[in-house]
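Take a look at the model below. Keep it in view as you read, and find each residue as it is named.

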Amino acid sequence: NNFYASMSPSDYGLIISKVDDAMFDQREVAVLIAKGVENFTCEHVVLALQNGDNIIRTNLVERLICFCSDFSTNKDEIKNQLSDWEVTVTERAFEDEESK
(Lines give C-alpha, C1' and ligand atoms only; values in the text may rest on other atoms or scores of the structure.)
Protein backbone atom coordinates (compact mmCIF):
# COMPACT_ATOMS: atom_id res chain seq x y z
CA ASN A 1 0.00 0.00 0.00
CA ASN A 2 1.69 3.19 -1.22
CA PHE A 3 1.37 6.09 1.21
CA TYR A 4 2.00 8.63 -1.58
CA ALA A 5 -0.28 7.09 -4.23
CA SER A 6 -3.17 9.55 -3.93
CA MET A 7 -1.25 12.61 -2.73
CA SER A 8 -2.84 15.87 -3.84
CA PRO A 9 -0.77 18.63 -5.42
CA SER A 10 -1.34 20.87 -2.38
CA ASP A 11 -0.12 18.16 0.02
CA TYR A 12 2.88 17.55 -2.22
CA GLY A 13 3.76 21.25 -2.17
CA LEU A 14 3.34 21.35 1.60
CA ILE A 15 5.75 18.47 2.07
CA ILE A 16 8.31 20.09 -0.23
CA SER A 17 8.02 23.31 1.79
CA LYS A 18 8.80 21.42 5.01
CA VAL A 19 11.98 19.73 3.75
CA ASP A 20 14.96 21.20 5.57
CA ASP A 21 17.82 21.50 3.09
CA ALA A 22 20.31 21.23 5.92
CA MET A 23 19.15 17.63 6.41
CA PHE A 24 17.68 16.58 3.05
CA ASP A 25 17.82 17.75 -0.56
CA GLN A 26 14.38 19.04 -1.66
CA ARG A 27 15.06 17.75 -5.18
CA GLU A 28 15.71 14.22 -3.96
CA VAL A 29 12.62 14.22 -1.75
CA ALA A 30 10.50 15.66 -4.58
CA VAL A 31 11.58 12.88 -6.97
CA LEU A 32 11.23 10.14 -4.36
CA ILE A 33 7.64 11.14 -3.62
CA ALA A 34 6.76 11.80 -7.29
CA LYS A 35 7.70 8.19 -8.10
CA GLY A 36 5.03 7.02 -5.66
CA VAL A 37 2.16 9.29 -6.74
CA GLU A 38 -0.14 7.34 -9.07
CA ASN A 39 -1.46 10.36 -10.96
CA PHE A 40 1.39 12.86 -10.73
CA THR A 41 0.43 15.95 -12.71
CA CYS A 42 1.78 19.29 -13.85
CA GLU A 43 -0.09 20.82 -10.92
CA HIS A 44 2.14 18.82 -8.56
CA VAL A 45 5.17 20.45 -10.23
CA VAL A 46 3.56 23.88 -9.97
CA LEU A 47 3.05 23.45 -6.22
CA ALA A 48 6.63 22.20 -5.83
CA LEU A 49 7.83 25.33 -7.63
CA GLN A 50 5.70 27.55 -5.43
CA ASN A 51 6.90 25.89 -2.22
CA GLY A 52 10.47 24.84 -2.96
CA ASP A 53 13.63 26.86 -2.66
CA ASN A 54 14.02 29.42 -5.45
CA ILE A 55 17.56 28.32 -6.18
CA ILE A 56 16.46 24.83 -7.30
CA ARG A 57 13.39 25.70 -9.37
CA THR A 58 14.93 24.75 -12.72
CA ASN A 59 16.27 21.52 -11.25
CA LEU A 60 12.81 20.65 -9.95
CA VAL A 61 11.33 21.15 -13.41
CA GLU A 62 14.04 19.11 -15.11
CA ARG A 63 13.69 16.25 -12.65
CA LEU A 64 9.90 16.16 -12.20
CA ILE A 65 8.31 16.66 -15.63
CA CYS A 66 9.05 13.07 -16.65
CA PHE A 67 6.52 11.95 -14.00
CA CYS A 68 3.66 14.18 -15.24
CA SER A 69 0.80 12.10 -16.62
CA ASP A 70 -0.74 15.21 -18.20
CA PHE A 71 2.45 16.80 -19.54
CA SER A 72 1.35 17.07 -23.16
CA THR A 73 -1.84 18.92 -22.29
CA ASN A 74 -0.81 20.95 -19.24
CA LYS A 75 2.92 21.72 -19.59
CA ASP A 76 2.05 25.41 -19.96
CA GLU A 77 0.88 25.42 -16.32
CA ILE A 78 4.51 24.78 -15.40
CA LYS A 79 5.95 27.22 -17.92
CA ASN A 80 3.62 29.95 -16.63
CA GLN A 81 5.34 29.67 -13.23
CA LEU A 82 8.79 30.25 -14.69
CA SER A 83 10.71 33.43 -15.37
CA ASP A 84 12.00 34.03 -18.88
CA TRP A 85 15.43 32.87 -17.76
CA GLU A 86 14.03 29.70 -16.17
CA VAL A 87 12.14 28.93 -19.40
CA THR A 88 15.41 29.25 -21.30
CA VAL A 89 17.28 27.03 -18.84
CA THR A 90 14.61 24.30 -18.90
CA GLU A 91 13.89 24.46 -22.64
CA ARG A 92 15.90 21.30 -23.38
CA ALA A 93 14.08 19.32 -20.69
CA PHE A 94 10.71 20.37 -22.14
CA GLU A 95 11.84 19.46 -25.66
CA ASP A 96 13.10 16.06 -24.50
CA GLU A 97 9.85 15.31 -22.70
CA GLU A 98 7.75 16.48 -25.67
CA SER A 99 9.62 14.10 -27.99
CA LYS A 100 8.69 11.01 -25.93
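Is Glu28 buried, partly exposed or exposed? Glu28 has a relative accessible area of 43%. Buried would mean under 20% and exposed over 50%, so Glu28 counts as partly exposed. Keep in mind that this is a predicted model.

Glu28 has a partner. Arg63 forms a salt bridge with Glu28, and their closest N and O atoms are 2.7 Å apart. This pair links distant parts of the chain: Arg63 sits in helix H4 and Glu28 in helix H2, 35 residues apart. Arg63 is also partly exposed, at 31% relative accessibility. The general idea is simple: side chains of opposite charge can pair when their charged atoms come close.

The structure holds 6 salt bridges. Another one joins the side chains of Asp25 and Arg27, at 3.0 Å from N to O. Asp25 is partly exposed, with a relative accessible area of 28%. Arg27 is partly exposed too, at 24%.

Now turn to the rings. A search of the whole structure finds 4 aromatic pairs. One of them is Tyr12 with Phe40, an edge-to-face pair with 5.2 Å between centres and 85 degrees between planes. Tyr12 belongs to helix H1, while Phe40 lies in the loop between helix H2 and helix H3, 28 residues apart. Tyr12 is buried, with a relative accessible area of 0%. Phe40 is buried as well, at 1%.

Phe40 also pairs with Phe67. Their ring centres are 6.3 Å apart and their planes meet at 80 degrees, so this pair is edge-to-face. Phe67 lies in the loop between H4 and H5, so the pair ties together parts that are 27 residues apart in sequence. Phe67 is partly exposed, with a relative accessible area of 26%. Together, Tyr12, Phe40 and Phe67 form one aromatic cluster.

Finish with helix H6, which covers residues 84-98. H6 bends by about 50 degrees at Thr90. Its buried residues are Glu86, Thr90, Ala93, Phe94 and Glu97. These buried residues pack against helix H4 and helix H5. Look at Phe94 in particular: the charged end of Lys79 sits over its ring, 4.8 Å from the centre.

An α-helix has 3.6 residues a turn, so residues three or four places apart point the same way. Asp96 is partly exposed at 37%, whereas Arg92 is exposed at 59%.

Note on methods:
Residues numbered from 1 in each chain as written. Predicted model: local features only at pLDDT ≥ 70, side-chain atom pairs only at ≥ 80, totals over all residues. Heavy atoms only, no water. Bend = angle between axes of the 7 residues up to and from the residue. Helix = DSSP H or I, 4+ residues; strand = E, 2+ residues; numbered from the N terminus. Buried < 20%, exposed > 50% of the residue type's maximum accessible area, 1.4 Å probe, protein only. Contact = heavy atoms within 4.5 Å. Phe/Tyr/Trp six-rings, centres within 6.5 Å; stacked < 30°, edge-to-face > 60°. Lys NZ or Arg CZ within 6 Å of the ring centre and 35° of its normal. Salt bridge = Lys/Arg side-chain N within 4 Å of Asp/Glu carboxyl O.
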